[in-house]
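This report describes selected features of one protein model. The sequence and the structure are shown first, followed by the commentary.

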Amino acid sequence: MRSIWNGAISFGLVSIPIKLVNATESRSVSFRQIHTEDGGRIRYRKVCELDDQEVSQAEIGKAYEDADGTMIPITDEDLASLPLPTTKTIDIVAFVPASEIDPLQIEGAYYLAANGVPAAKPYTLLREALKRSKKVGVAKFALRGRERLGMLRVVDDVIAMHGLLWPDEVRRPEGVAPDADVTIRDAELDLADALMDTLGDVDLDSLHDDYRQAVEELIAAKAEGVELEPQPAAAGGGKVIDLMAALESSVRAAKEARGDEAAEVSAPVTELKPRKKATAKKTAAKGASKTAAKPAAKKTAAKKAAAATSSKTAAKPAAKRTATKKTTAKKTTARKRAS
């Protein structure tokens, strides 16, 4: 890797010659601007506003535009004469826990390589000291014409430096948080925790840029004269009506995506299925009671019929006895009259 800056790390009275190397690179697909009618390249030319003449890079300098539009020329010699002690030095000013660095301040990343054999010993000393202390170094350095803030940490066996924004360059998040008063229930937090646990950890090395891959496939197909069929848009992103239902569905989908057999979620949400079962049970109970009531009704009717029959049967002998008594009484009366 090509170095972009040579200097030294100032570590107290220890000076470590180093080379600065870019730790990251952009892999985004870049495009050129063309004339759509004939495919010709569109290029930008640098033209002076005063004489309308194109100028080369060697003829271009720097200037500061004042509030009234006045241009104040600033040369490289002017900047080089400024008292900037970090011009060729990464000056470590403190060692702090990494948690004290606001991630919003982090910019580009660089690798610091020992420059030469004599630098190996102090370089290794600083690396091991950072490892054992579990701290990061906060440093000042100058790059591309301005002084910057940096954070030194250990990555594998290399010292890496992250460029940091100055604290006054980070905006305060005023007016960004929701203004409305929102109440979050414990059940919703439980489902959110379940979703986080289900998604689990990820191997960052396994992540890749799907869009870039699709663009590269499109370019390859166009180069071969093949037209790709448009891909359907991914579903989702709709309006959330029921937060609990959305969380529950998300947990279930995450489990299914991971291949878990138990995709069902135990959530404190009232479901409809148990209610249907309960209704079915009630219906069955009613049916059973009706079925049981029919034989009971039959038995009651049979009893009434038997009682009525028995009462009629009992009434007939009584009637006969009454008629016999009446006949006997008539005969007795007739005998008395005759005598």
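## Surface patch, nonpolar core and a buried glutamate

In this predicted model, Tyr 64, Ile 72, Ile 74, Leu 79 and Leu 82 make a nonpolar surface patch of about 440 Å². One of these residues, Ile 74, lies in strand E4, which spans residues 71-74. Ile 74 counts as partly exposed because its relative accessibility, 31%, falls between the limits of 20% and 50%.

In soluble globular proteins, nonpolar side chains tend to be buried together. The largest nonpolar core of the model comprises 19 residues. Those with the most contacts inside this core are Ile 9, Ile 18, Ile 90, Leu 112, Leu 126, Leu 152 and Met 161. Two or more core residues come from each of strands E1 (3-11), E2 (14-22), E5 (89-97), E6 (106-114), E7 (135-143) and E9 (158-164), and from helix H2 (120-133). Beyond its neighbours within four places in sequence, Ile 9 is in contact with several residues, among them Val 14, Ile 18, Ile 90, Leu 112, Leu 126 and Leu 152.

Glu 188 belongs to helix H3, residues 186-199. Glu 188 is classed as buried because its relative accessible area of 11% is under 20%. Its side chain reaches the backbone nitrogen of Arg 185 at 3.0 Å. With residues up to four places away in sequence not counted, Glu 188 touches Thr 183, Leu 243, Met 244 and Leu 247.

The two accessibility values are set out below.

| Residue | Relative accessibility | Class |
|---|---|---|
| Ile 74 | 31% | partly exposed |
| Glu 188 | 11% | buried |

Notes. Residues numbered from 1 in each chain as written. Predicted model: local features only at pLDDT ≥ 70, side-chain atom pairs only at ≥ 80, totals over all residues. Heavy atoms only, no water. Helix = DSSP H or I, 4+ residues; strand = E, 2+ residues; numbered from the N terminus. Buried < 20%, exposed > 50% of the residue type's maximum accessible area, 1.4 Å probe, protein only. Polar contact = N/O pair within 3.5 Å; in protein donor to acceptor, adjacent residues only side chain to side chain. Contact = heavy atoms within 4.5 Å. Core = buried A, V, L, I, M, F, W, Y, C linked by side-chain atoms within 4.5 Å. Patch = residues over 30% accessible without salt bridge, like charges linked within 9 Å, V, L, I, M, F, W, Y side chains within 5 Å. Areas by Shrake-Rupley, 256 points an atom, 1.4 Å probe, with all protein chains shown as cover. Salt bridge = Lys/Arg side-chain N within 4 Å of Asp/Glu carboxyl O.
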